[in-house]
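Biologist: Please show the model, and let us then discuss it by question and answer.

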Amino acid sequence: MSEIHAETAYVRTEMLPEQAPPITAAGPVKWMRENLFSSPLNAILTVLSIFVIYYVLQGILPWMVNGIWDAGSLSECREIRDARGGSSEHGHGVACWAVLTDRWHQLTFGFYPSDLYWRPILSLVIFLVALAPVLFDTVPRKLFILTAAAPFLCAWLLWGGTIWGPLMIAVGFVIGWAIFKFGAPAIGALGATIAAILIPILYWLFIAGPVAGALSSAIPLGITPVPSDDFGGFLLAFVIGASGIILSMPLGIILALGRQSDLFIINKFSVIFIEVIRGVPLIVWLFTASLLLNYFLPPGTNFDLMLRVIIMVTLFSSAYIAEVIRGGLAALPRGQYEGADSLGLNYWQSMQLIILPQALKISIPGIVSSFIGLFKDTVLVVFVGLSDPIGFSNLIRATTDWNGIYWELFIFIGLCFFICCYGMSRYSQYLERKLRTDHR
């Protein structure tokens, strides 16, 4: 019986070698079938899209690739183009990229002295290194010391002058931190917070300046000063954008908490501030900083225009950041607040350890979107007399050498802004994936 069963067995005794899947079930062909030609309508739209992309690129790519990089003026570019026969060959002429090689320093640094270009470059390096431990947790934590010192160090490198001014401003922040840390047990968290804000302000208004002047006279340590009027181009955009982004974040958090506060005065002040700032266009606040603010200052006060613009941009951005964070706070279930209370935490401890970390995780897309909008809005400072990249493109085109050139400058400026904004967007997506905001 067992012999008969062995003769009629149909189980395979030898394994066949593995074979590659059909070409339609894996690889690029599978991806194209699923994403480009999954249905007749999808196939028609894909073909039309490919035709439109080809039509646009066949007109733009020859113009860009065959561009002229070595010329001293637009007239020389046209002479070189005519000598090549570029206009008749490609039908649309060629780009005159020579304007970028000739005026890159103005687009990048404005009127900043050329022998001091190392200072903005060094400031950018310090800023990026100082930002690394904030953005990535794999960076050594000891770099937070540089993060705390970077704002004052970068400001001193950019504007120059005596080193005692930035040091005295830094001392004000140390005073505020000391009051908040050691004053809370004695006068309470709210009293310590108010004192930590008011006392440094009084120190900066009445003490920091005279002390810095006396120390500068006694020990003159400084570098060549550079006025704000010499700032321009992308240097101006980066300084205003980075300052606004860094300063508006903590102010936005304070305003968001103030709007949810049960204290009547703090709540109404936060609501009025946010609604008034958001209800007026940014360009109005820039004109306020440029023209009207001087009327409210004491006679003879010289308040730097660039500093006024940074303050207005920061206040404007903080109002939007506050509303974004308030949305994150409102999205948290009531149980999170009750859980913090059940642990015996006070208000600041519950906000720091439980509420704000979750609210900020939820608010990441909105916060980064506000930062991108703020960075792009820096071009509006051209209306108050500051020469941002767009302003410098107008100045370059006003010269006889480059009068009549448009697209090359605008493409370069747009590409630089796109790289910065796309970088912020990619980091936002990386942070969302890392914190898993959708699987809390």
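Biologist: What percentage of the 440 residues in the protein chain is buried?

Modeller: This is a predicted model, in which local features need pLDDT of at least 70, side-chain atom pairs count only at pLDDT 80 or more, and totals for chains, interfaces and linings use all residues. Residues are numbered from 1 along each chain as its sequence is written, and side-chain values use heavy atoms, with hydrogens and water left out. Buried means under 20% relative accessible area, exposed over 50%, and partly exposed in between, with a 1.4 Å probe and protein chains only. By that definition, the buried share of the protein chain is 34%.

Biologist: Why is the protein chain described as more spread out than a compact globule?

Modeller: The chain has 18 helices and two strands; helices (H or I, at least four residues) and strands (E, at least two) are DSSP runs, numbered from the N terminus. The radius of gyration is taken over C-alpha atoms, and the globule rule is 2.2 Å times the number of residues to the power 0.38. For 440 residues the rule gives 22 Å, so the chain is more spread out than a compact globule, its radius of gyration being 30 Å.

Biologist: Which element of the protein chain has the lowest mean pLDDT?

Modeller: pLDDT is the predictor's confidence in each residue, from 0 to 100. The protein chain averages 85, and 93% of the residues score at least 70. Helix 3 (residues 40–65) has the highest mean, 92, whereas the lowest, 50, belongs to helix 5 (residues 86–90).

Biologist: Which residue just after helix 6 takes a positive phi?

Modeller: Helix 6 (residues 98–109) has buried residues, among them A98, V99 and L100. Their cover includes helix 4 (74–84), helix 7 (118–135) and helix 10 (233–259). The positive phi just after helix 6, about 70 degrees, is that of G110.

Biologist: Which residues is P200 in contact with, leaving aside its neighbours within four places in sequence?

Modeller: P200 lies in helix 9 (residues 164–218). Its relative accessibility is 4%, so P200 counts as buried. Contact means heavy atoms within 4.5 Å. With those neighbours left aside, the contacts of P200 are G172, G176 and A195.

Biologist: How far apart in space are E338 and S350, C-alpha to C-alpha?

Modeller: E338 is placed in helix 14 (residues 334–342). Because its relative accessibility is 48%, E338 counts as partly exposed. E338 and S350 are twelve residues apart in sequence, and their C-alpha separation in space is 9.9 Å.
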